[in-house]
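Take a walk through this structure, one place at a time. Start with the sequence and the fold in view.

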Amino acid sequence: MKCTKQKCVRLGVRLPVIMSFVVAAGCAGPPENVAPPPPEVTVATPIQKDVTVFSEFVGSTEAYRSVEIRARVQGYLDQMAFEPSSFVRKDQLHFVIEPEPYEAQRDRAAAGLKAAEAGLRRAESDLERLEQAVQTNAVSQQEVTRARAERDQASAAMLEAQAALTNAEIQLNYTTLESPIDGLVTRNYVDLGNLVGAGEATLLTTVRRINPIYAYFEVSERFVARTLEERGGHHDPSEATRVPATLLLEETGLEIEGYVDSLENTVDAATGTIRVRGVFPNPDAKVFPGFFVRVRLPGELYEGAVLVEETALGTDLGGRYLMVVGDNDIVERRYIEPGQLQDDNTRLILEGLEPGERYIINGLQRARPGMPVTPKTAGSGS
């Protein structure tokens, strides 16, 4: 390629400019690294309020009252007057055992009583006549004495006849079986037409009152001792001194408020526990006897307790911890002693965190112990 004079002049002008850019680029060196800003995290301060710690115990339910209806006399089962698994009222008829033999015994006893009464009247009349006759020496004193003995025998016979009639009436009453309580009756254990009461009091059915219902559970002697100390000792049960209790049924989430109505008067030395009973209303029969339940009792009161959000807690081999933002916004892994989880999903902190300290609730994956962060509070832009 030939270089004309005009082209060479233009090239000579541009070359120094190009070279100056090349030299300048070579002298600038590599670009300087700029450190990224600390990661952003959301922080919160603990909630402070009075908290009552509750303790839960496993137990089982039992009927408030339970009655077995048994045949107390022998005979064939004539009648059943209830529907199985239904609610029955006190004095409601359940069964009838053939009454005819016992009606005959009653009539026989009534006749025997009338005969005894007639015999007593005759003996009294004879004694009265002889006592008048002895005054005129018409009869001897020995005859009067014999008449008086016969009168006493007739009186004893009448008392025996009265007892026989009373017993016959009792036996006749036993042929009709009624419920002694309001409650839920189970099925009949014996079908109609079967012989019952032969050699034993045959079990015919059971009735259980389940409103209210009992829950029995075991508590530790430590819990009992602490509760008695806080309450100033044991007092006779009354509405003012009742310990409130809550029955919890996990299968349905049912909660029933009741109270503790009794506890045993000694601690089981083998287990270190004492048996406690709670009573709970059950008007809709949502709890049956034999259910496994949990019973919640109030425990210690923490005044001005410290609570944090449960989701902020982590766990490792060292235990439960929080990521706390301290001075100069440096992150610290703080091991704490957790308390009871509350209904609002906050956790009571017994030790390890002070009121006013900041802990991380969001951005935990970006926080590293010993490293700075850029804290912001929930709902704020900075």
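Helices and strands here are DSSP runs, numbered from the N terminus; a helix has at least four residues and a strand at least two. The model is a predicted one.

With those terms in hand, look at asparagine 188. Asparagine 188 sits in the loop that runs between strand 7 (183-185) and strand 8 (195-196). Is asparagine 188 buried or exposed? Its relative accessibility is 17%, so it counts as buried. The cut-off for buried is under 20%. Two polar links involve its side chain. A polar atom of the asparagine 188 side chain lies 3.2 Å from the backbone oxygen of valine 190. The side chains of asparagine 188 and aspartate 191 are joined by a polar contact of 3.5 Å. Now set aside the neighbours within four places in sequence. Asparagine 188 is then in contact with Met80, Phe82, Pro84, Phe95 and Leu204.

Step back to the whole chain. It has four helices and 20 strands. Of its 382 residues, 34% count as buried.

Phenylalanine 57 and leucine 297 are 240 residues apart along the chain, yet their C-alpha atoms are separated by 8.2 Å.

Threonine 61 is also placed in strand 2. At 2% relative accessibility, threonine 61 counts as buried. Its side chain reaches two backbone atoms. One is the backbone oxygen of phenylalanine 288, at 2.6 Å. Another is the backbone nitrogen of phenylalanine 291, at 3.0 Å. Leaving aside neighbours within four places in sequence, threonine 61 has contacts that include Ile213, Tyr214, Ala215 and Leu247. Val287, Phe288, Pro289, Gly290, Phe291 and Val293 are also among its contacts.

Next comes the space in the model. Rolling a probe the size of a water molecule over the atoms shows where empty space is left. The largest pocket holds about 400 Å³ of space. Helix 4 (221-230) and strand 11 (254-263) are the elements that give two or more residues to its lining. By class, the lining has ten nonpolar, six polar and three charged residues.

Stay with strand 11 for a moment. Aspartate 261 lies in this strand. Its relative accessible area is 22%, so aspartate 261 is partly exposed. A polar contact of 2.8 Å joins its side chain to that of arginine 277. Proline 244 lies 17 residues from aspartate 261 along the chain, and the C-alpha atoms of the two are separated by 9.5 Å.

Finish with the backbone. Where is there a cis peptide bond? It joins asparagine 211 and proline 212, with omega about 0°. Proline 212 lies in strand 9 (residues 203-220).

Phi angles come next. Serine 85 has a positive phi of about 60°, although it is not a glycine. Serine 85 is found in the loop between strand 3 (75-80) and strand 4 (87-88). Is serine 85 buried or exposed? Its relative accessible area is 57%, so serine 85 is exposed. Alanine 285 also has a positive phi in a residue other than glycine, with a value near 55°. The place to look for alanine 285 is the loop between strand 12 (273-280) and strand 13 (292-309).

Technical notes
Residues numbered from 1 in each chain as written. Predicted model: local features only at pLDDT ≥ 70, side-chain atom pairs only at ≥ 80, totals over all residues. Heavy atoms only, no water. 1 Å grid on protein atoms, 1.4 Å probe; cavity = no way out; pocket = protein on both sides within 12 Å on 5 of 7 lines; lining within 4 Å. Points joined across faces, edges and corners; volume = space filled by probe spheres on them. Nonpolar A, V, L, I, M, F, W, Y, C, P; charged D, E, K, R; others polar. Buried < 20%, exposed > 50% of the residue type's maximum accessible area, 1.4 Å probe, protein only. Polar contact = N/O pair within 3.5 Å; in protein donor to acceptor, adjacent residues only side chain to side chain. Contact = heavy atoms within 4.5 Å.
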